[in-house]
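Dear colleague,

I am passing on to you the structure we spoke of, together with some notes on what I found in it. Please look through the sequence and the model first, and then read on below.

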Amino acid sequence: MRRSVALRVFAALTTGAAGAAVAVALPSLEASAAAVGSPIGYASLNGGTTGGNGGTTVRATTGTQIHQALCSRASSSTPITIEVQGTINHGNTTKVSGDSCNTAADKIELKEISNVTIIGVGSGAVFDQLGIHIRDSSNIIIQNVTVRNVKKSGSPTSNGGDAIGMESTVRNVWVDHVNLEASGGEDAGYDGLFDLKDNVQYVTLSYAYLKNSGRGGLIGSSESDTANSFITFHHNRYENIDSRTPLLRGGVAHIYNNYYFSLNESGINSRAGARAKVENNYFEDSMNVLGTFYTDAAGYWQASGNILDNVTWSAADSETNPAGPSMPSNTSVSIPYAYGLDNASCVPSIVRSTAGANTGMKTSTGNCSVTSSPSPNSPSPTTPNPTTPTPTPTATQPSGTNLSIGAGSDGSSKATGTSYGDVRDGNMTTYWSPNGSTGYISIKWSTATTVSRINIRAASGGGTIGSYRVLNGDTGAVLKTGTGSGVITFTATSLKKVTFDIVSASGTPRVGEFETYAS
């Protein structure tokens with residue numbers, strides 16, 4: 001039995017009830033507005049997920065208006081985009097009846113329908129103590145909204161306590177750029193933030209911010225509920241969660257480029273035959289981030305490229321099988337779609353700047369930089385403006401003490417026969433190489449150290465370093481971008497770890513020395 005863990009949180013939110021409106025706004029656009037972007041992952045398969053694209057667009061400021069928009073369609077499959085602005089709560093959400101809908105008063109009900117987009121616009125959309133329920137439906141998109149403090153017990157209750165819940169033959173759902181949050185665990189009346197059960201398939205959760213909850217989410221409600229499958233989680237931010245990030249029972253999941261901070265008890269819990277591909281995620285200040293927990297029904301994983309930053313592990317027993325400390329794979333998972341994979345070292349900075357509602361719908365380019373998509377209010381697409389590395393300027397050779405001597409080092413997977421320590425031994429005949437053309441190497445200290453220059457000295461015989469990023473290893477902040485090796489100068493920064501991230505190279509590069517200087 002899993003122990004109860006007190007969340008390290010806060011005070012509960014309270015809201016007043018607003019009067020319910022019964023009339024829906026007239027369509028603001030005629031068959032023109034659509035979701036921002038398109039999904040990557042399993043939601044792109046099985047015919048794809050397009051939501052209400054091509055249909056009418058309406059604006060709603062109450063839950064009743066959302067239901068009325070669904071019920072006013074010609075049929076339950078007529079495409080519609082519902083732009084939501086303001087706070088949706090119990091006080092302004094009532095049941096609406098019609099031939100094209102099946103709604104309820106205590107939740108936003110997307111039941112027995114298809115081809116719907118719900119997107120937050122303007123100053124934002126907040127579903128306060130009111131969950132979104134998807135049942136027996138398909139081709140649904142939810143974007144740029146906040147769902148908070150949904151309860152299964154206490155008052156008011158909504159949607160079984162799930163912020164977003166799906167159940168009973170649901171297909172092709174994309175949930176993107178959302179905030180899902182609670183103010184405690186089960187003892188405080190809250191359940192899961194993102195729960196899928198009873199035959200849900202082809203779902204992508206991307207650029208979401210999930211926080212302050214006992215349960216992040218599950219796929220499968222019991223050890224026998226294993227028909228749920230083909231779920232992608234990418235570029236999500238999990239923070240102050242006790243467990244279930246997610247819990248997987250059966251099926252296949254792809255979990256990549258997520259940032260996990262403060263998982264208090266356990267993280268990715270693969271059980272009952274589930275198979276998860278877990279790659280290039282960043283786990284920080286967390287416990288039991290991957291494994292099979294609270295059951296003897298084993299699950300499986302293929303793990304690669306992940307970074308563990310202050311991660312602790314429990315001892316194995318009959319109901320605890322942690323993957324740590326090295327997280328070796330015990331299965332293989334083939335991914336049937338194309339996707340860009342950020343290096344795990346940049347995941348914290350990428351995810352912090354992109355995940356969640358009202359963040360400008362920014363996304364990763366797949367090579368450790370960020371681009372912006374059109375905002376939900378934009379009438380037409382805008383051209384992305386990705387960051388382009390600038391050439392490294394000529395710099396004066398650093399003077400003073402090389403702070404790397406006597407320091408520590410770590411990095412990404414290294415080529416056979418090389419060592420992280422070879423970049424801080426003062427010897428150019430030894431070197432570190434990544435396992436391929438890209439990778440990162442770090443110098444670290446036990447106490448904060450001020451650094452303003454580094455000198456990357458390439459050893460002979462390796463590929464030429466193309467573009468790079470210099471990162472504050474403590475925060476993930478980008479200190480400098482450029483091309484090539486040599487002296488790199490940036491604003492003096494106090495840190496415990498500095499990272500040289502090779503984004504491109506003309507082969508396998510060799511770093512003979514990674515020198516660090518205060519000035």
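Of the 519 residues that make up the protein chain, 56% count as buried, and please keep in mind throughout that this is a predicted model. The secondary structure of the chain consists of two helices and 33 strands, and among its contacts with a separation of 6 or more, 72% are accounted for by residues 24 or more positions apart. As for the surface, the protein chain exposes about 18,900 Å², of which carbon and sulfur atoms supply 48%.

Ile82, once its neighbours within four places in sequence are left aside, is in contact with Val58, Ala60, Ile66, Ala69, Leu70, Thr117, Ile118 and Ile119.

Because its relative accessible area is 0%, Ala276 is buried. If residues up to four places away in sequence are not counted, Ala276 touches Leu248, Ala253, Ile255, Tyr300, Trp301, Gln302 and Val333. With Val333 the separation along the chain is 57 residues, while the C-alpha atoms of Ala276 and Val333 are separated by 7.0 Å.

With kind regards

Technical notes:
Residues are numbered from 1 along each chain as its sequence is written. This is a predicted model: local features need pLDDT of at least 70, side-chain atom pairs count only at pLDDT 80 or more; totals for chains, interfaces and linings use all residues. Side-chain values use heavy atoms; hydrogens and water are left out. Buried means under 20% relative accessible area, exposed over 50%, partly exposed in between (1.4 Å probe, protein chains only). Contact means heavy atoms within 4.5 Å. Helices (H or I, at least four residues) and strands (E, at least two) are DSSP runs, numbered from the N terminus. Accessible areas come from the Shrake-Rupley method with a 1.4 Å probe; for residues, only the protein chains shown count as cover.
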